[in-house]
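Please look through the sequence and the model shown below before reading on.

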Amino acid sequence: MSKFGVMVMGPAGAGKSTFCASLITHLNLNRRSCFYVNLDPAAEAFEHTPDLDIKDLISLEDVMEEMGLGPNGGLIYCFEFLMDNLDFLTESLDSLTEEYLIIFDMPGQIELYTHVPILPALVRFLTRTGNLDIRLCAAYLLEATFVVDRAKFFAGTLSAMSAMIMLEVPHINILSKMDLVKDQVRKKDLKRFITPDATLLEDDPAETARRKAEGTAAGEEDMGDIQDKETMMRGAGFRRLNRAVAGLIENFSMVSYLKLDVQDEDSVGAILSYIDDCIQYHEAQEPKELKDDEFDDPEE
């Protein structure tokens with residue numbers, strides 16, 4: 001008998017724990033059972049008390065103190081320790097029925113989702129038939145404020161694509177904290193971020209304003225002083241790198257986003273319907289349509 005779960009991931013500050021809390025509240029209101037697993041060994045405060053907490057097995061604070069490791073090295077040590085003690089998960093999750101949605105709240109260190117092989121190994125253990133056999137979906141959160149800085153947005157999208165390739169499970173990408181950008185992004189521009197469009201870099205308002213201030217044309221290249229960090233981060237080489245990253249993302253055509261406002265129960269419910277569709281919780285169910293937020297065009 002299969003179980004069902006969602007692994008909530010993303011960089012630090014993306015709102016993972018807040019989303020988990022809103023998801024749990026929504027499930028409770030709709031009389032659905034859930035099981036909350038905290039896998040962040042540094043987490044301290046929770047809106048909903050975890051049903052299973054990795055800190056009962058190992059904590060980042062203890063590892064840093066006893067092993068003399070930094071935060072990133074300590075986190076990797078914690079997950080290596082978890083992989084050596086997988087009974088910690090099995091004993092708690094094995095008895096759960098298919099009525100439960102298992103919510104895994106993950107840490108925010110981005111290297112776990114990009115190039116360290118620990119999470120893929122954990123996902124294989126959770127999903128393998130004969131072990132826990134969890135139909136697992138990954139939900140990768142990226143803070144919506146990234147759309148204000150288009151280079152930063154494409155860097156975050158590249159990380160989301162890397163996580164998709166690494167984990168090899170059904171995957172949804174979410175722009176969280178949508179309420180923070182309602183007055184900063186035009187509605188027609190936002191649609192181009194939902195399915196990332198490489199031409200966003202060509203008409204970046206910040207870049208247009210910079211060229212206007214410096215009196216340079218769109219195609220002009222100015223290498224500047226590579227020793228000057230500020231110059232380097234807005235110079236020709238930086239722009240070429242951004243265009244290459246955006247082109248890579250567009251060519252693979254793997255990443256698109258759902259919009260999330262955790263203060264809106266309908267928004268949380270719509271995201272849940274996409275999760276349910278990915279894990280086939282209701283096999284005949286179609287995901288709900290996300291409502292089209294009324295974004296006012298900011299004054300030019």
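## A buried alanine

Ala160 counts as buried, at 0% relative accessibility, where buried means under 20% relative accessible area, exposed means over 50%, and partly exposed lies in between (1.4 Å probe, protein chains only). This is a predicted model, in which local features need pLDDT of at least 70 and side-chain atom pairs count only at pLDDT 80 or more, while totals for chains, interfaces and linings use all residues. Residues are numbered from 1 along each chain as its sequence is written, and side-chain values use heavy atoms, with hydrogens and water left out.

Ala160 lies in helix H6; helices (H or I, at least four residues) and strands (E, at least two) are DSSP runs, numbered from the N terminus. If neighbours within four places in sequence are left aside, Ala160 is in contact (heavy atoms within 4.5 Å) with Tyr140, His171, Asn173 and Tyr257.

## Helix H6 and its surroundings

Helix H6 covers residues 150–167, and its 18 residues reach 26 Å from the first C-alpha to the last, close to the 26 Å expected at 1.5 Å a residue, a span taken as 1.5 Å times one less than the number of residues. The buried residues of H6 include Phe153, Phe154, Met161, Met164 and Leu167. Just after the helix, Glu168 takes a positive phi of about 55°.

In helix H7 (residues 187–194), Asp189, Leu190, Arg192, Phe193 and Ile194 are buried, and what covers the buried residues of H7 includes H6, strand S6 (171–176) and strand S7 (257–259).

## The nonpolar cores

A nonpolar core is a set of buried Ala, Val, Leu, Ile, Met, Phe, Trp, Tyr and Cys residues joined through side-chain atoms within 4.5 Å. The largest has 63 residues, of which Leu39, Phe79, Leu89, Leu93, Phe104 and Leu126 touch the most other members. H6 gives the most to this core, with seven residues. Domain 1 (3–196 + 255–286) and domain 2 (198–253) both give residues to the core, so it lies between them; the domain bounds come from an automatic or database domain assignment.

Leu93, apart from its neighbours within four places in sequence, is in contact with Lys3, Phe35, Val37, Ile102, Phe104, Leu132 and Ile134. A second, separate core of 26 residues includes Ala139, Ile172, Ile174 and Ile275.

## Cysteines without a bond

A search of the whole structure finds zero disulfides, a disulfide being a pair of cysteine sulfur atoms within 2.5 Å.

## The chain as a whole

The protein chain holds 11 helices and seven strands, and 49% of its 300 residues count as buried. Among its contacts between residues at least 6 apart in sequence, 71% join residues at least 24 apart.
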